[in-house]
Amino acid sequence: MNPADRKLRRLLFFTCLAVYLAGMAVIIEVEISRPLRAITDAKYALGAYCLIVGTCLATMFIFSHRLDSSAKRRA
Amino acid sequence: MTAHAAEHIGGRSPIALTMFVVIVLITIAISVWAARRMRSARDFYTAGGRITGWQNGLAISGDFMSASTFLGVIGLAFAGNGEAAIYIASPILGLAFLLFYIAEPLRNLGRYTVAQVISLRFAGRAVRIFCALSVLAVTIFYLIAQMVGAAALLQILVGLPNSVAVILVAALMMLYVLLGGMLATTWVQIIKAVLLVICVLLLSYASLARVGFDAPLLYKLAATQLLLTHGTSGATGALGSPFSALSLGVAMSFGMAGLPHLLIRFFTVPNATEARRSVLYATLIIAGVFLLVVFVLAYASIAFVQSQPQLFDAKGQLQGGANMAVIHLSGLLGGDWLLGLVAAVTFATILAVVAGLTMAGAGALANDLYVQVWRKGETSDLQQVRAFRAGAIMVTIVAVVFGILFEGQSIAYMVSLAFTVAASANFPVLILALYWKGLTRRGMLAGGTVGLLSSVVLIVIGPAIWVNMLHHARPIFPYAYPALASMPMAFLVAWIVSRSDPAHGNREDGLLFDRLSERAQSHGTLATGAVSH
């Protein structure tokens, strides 16, 4: 793997990790405060989960696409 | 609930029982079909490497969405345990890590087992023995969870006693594995993943339809019910302590990259590109199912099932335990048809996962211990397959014994233990072997052994086994989830031992690492087939 791909991989993974930690902080806060505020806070938990999933999927797609392009160029 | 304590569902619903039997028969038919297509050991172990990325993605999601997802996570939420949130969000990060760092090198370097990849860098019997033992430890913990779920399901559906139910599950899983090998296991996973997605969609639709597609109303009903049942007692489970919450998150994220039955799936695809695609598809499916499982079905089970007194026994326990909340929900929402379908698909889910786990465990026994350690690599294809079948029988016997002993334990918790061992023993060894040039054979063995032993010992002396099963007054290790202690310990020991090893910085080892790295990261251009062993 060339250094640019390696850097991209590191950047993408730490982006996922940062979003995951932030999202989990929201979800855990919501869960701890449950059941008293479950109606309004469920939306925040749902939003945080969608953000984690969206970020992970987007970064995975970018990385996979980049490697596929590299493979095609080499072939 | 025991068979004698309550009326079982199959007794009052022949429809549910019939659907259950039909789905089990379909999966057996797949095994027979796969058995006829097998020509070689590679067909048996890795489906001949002919599975596409999309099919493998479905199979990976099928492997991951085990009893813990459907029964366990909803069961946790039903019992008012907020840590269900960690169970659904953390694996998504784990899948991203798998794609960035593991899928491609594993596909390019391996053939049948993860141990073969590690052995490319570090030869020797001790390495094979360690790899086999760590795979077996993870497999056994994971199998126990599935056995407990399957037995509870059979108890509630047909009224079988726990031990008989566990033996029946074991017999069926042996049939899949011994007949059809990886090809059968993969196709059973694919079909089961599709059925599970359909079930989740149907149940979510029915749940939302019951409240007029007004999600806030569903949350309000659930909140009211939680207040009635659990009062205002805030954090529950792992969320009560930052160490436990973080530890569970670490186990569920990085354990993904150490689960042997998931990792061997990358050997079933033809190249690295398909391996990457399979992780992407798996993430899409798993994230979608988890979204509905927690944000619709968990709330629906709290809102609707907890308000049905006839589903609880005299002690106030849900029939079959909290793990069965979603099964009761399906009966409430769609009557016998939906209950039969959901129960059958859940059972097929468990069977498929145990078959995949048995493949991984038996592969470790046959390939790593028998072929490489005992016979020093000199065996025919036929002998390998025979050894594999003997290994499958041994794994099954162990699973039956533990499945009976662990009756009634939380499925999700049992699965988290498998993730803990995977994150502490397999993950550090695999990631360091793939990416750290300075790792030595001694460092790898020391780090892996410390990770394996510390995770297992801390689990045993923790509250779940030391207090709940062995009935001591207080646990020696206070936390139920030890990954935050055991995983860093494995990395630290591997680093210290490698740095102090005279072999550290050896030129030949460095050249071997460079050669393997080039092959591992070849993006599917160098390695359309795995390296030969």
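**Ground rules**

I'm working from a predicted model, where local features need pLDDT of at least 70, side-chain atom pairs count only at pLDDT 80 or more, and totals for chains, interfaces and linings use all residues. Residues are numbered from 1 along each chain as its sequence is written, chains are lettered from A and ligands numbered from 1 in the order in which they are written, and side-chain values use heavy atoms, with hydrogens and water left out.

**Entry: chain A**

I started with chain A, which has two helices and zero strands. (Helices are DSSP runs of H or I with at least four residues, strands are E runs with at least two, and both are numbered from the N terminus.) Of its 75 residues, 48% count as buried. My scale for that: buried is under 20% relative accessible area, exposed is over 50%, and partly exposed is in between, with a 1.4 Å probe and protein chains only. I also looked at contacts, meaning heavy atoms within 4.5 Å. Among contacts in chain A with a separation of 6 or more, 68% are between residues 24 or more positions apart.

**Entry: second largest pocket**

Next I looked up the second largest pocket, which has about 260 Å³ of space. A pocket here is an open set of points on a 1 Å grid over the protein atoms alone, with protein on both sides within 12 Å along at least five of seven lines; a cavity is a set where a 1.4 Å probe fits but cannot get out, and lining residues have an atom within 4 Å of a point. Points are joined across faces, edges and corners, and a volume is the space filled by probe spheres set on them.

Which residues lie nearest the centre of this pocket? Of its 14 lining residues, they are Tyr20(A), Leu21(A), Leu246(B), Gly249(B) and Val250(B). Helix H1 (3-33) of chain A and, from chain B, H6 and helix H11 (242-254) each supply at least two lining residues. By class I get 12 nonpolar, two polar and no charged. (Ala, Val, Leu, Ile, Met, Phe, Trp, Tyr, Cys and Pro are nonpolar; Asp, Glu, Lys and Arg are charged; the others, Gly among them, are polar.)

**Entry: helix H6 of chain B**

I followed up on H6(B), residues 84-109. Its 26 residues should span 38 Å at 1.5 Å a residue, and the end C-alpha atoms are 36 Å apart, which agrees. The expected span is 1.5 Å times one less than the number of residues. H6(B) has a kink of about 50 degrees centred on Leu99(B), the bend being the angle between axes fitted to the seven residues ending there and the seven starting there. 26 of the 26 residues are buried, so H6(B) is largely enclosed by the rest of the structure.

**Entry: largest cavity**

I found six cavities of 30 Å³ or more. The largest holds about 120 Å³. Its lining has 16 residues, with Tyr112(B), Thr113(B), Ile264(B), Ala360(B) and Gly363(B) closest to the centre. H14(B) gives the most, six residues. The lining divides into 11 nonpolar, four polar and one charged.

**Entry: Leu178(B)**

Leu178(B) sits in helix H9 (residues 162-210) of chain B and is partly exposed at 23% relative accessibility. Setting aside neighbours within four places in sequence, Leu178(B) contacts Phe44(B), Arg389(B) and Ala392(B).

**Entry: positive phi**

His471(B) has phi near 60 degrees, positive in a residue other than glycine. His471(B) is exposed, with 65% relative accessible area.
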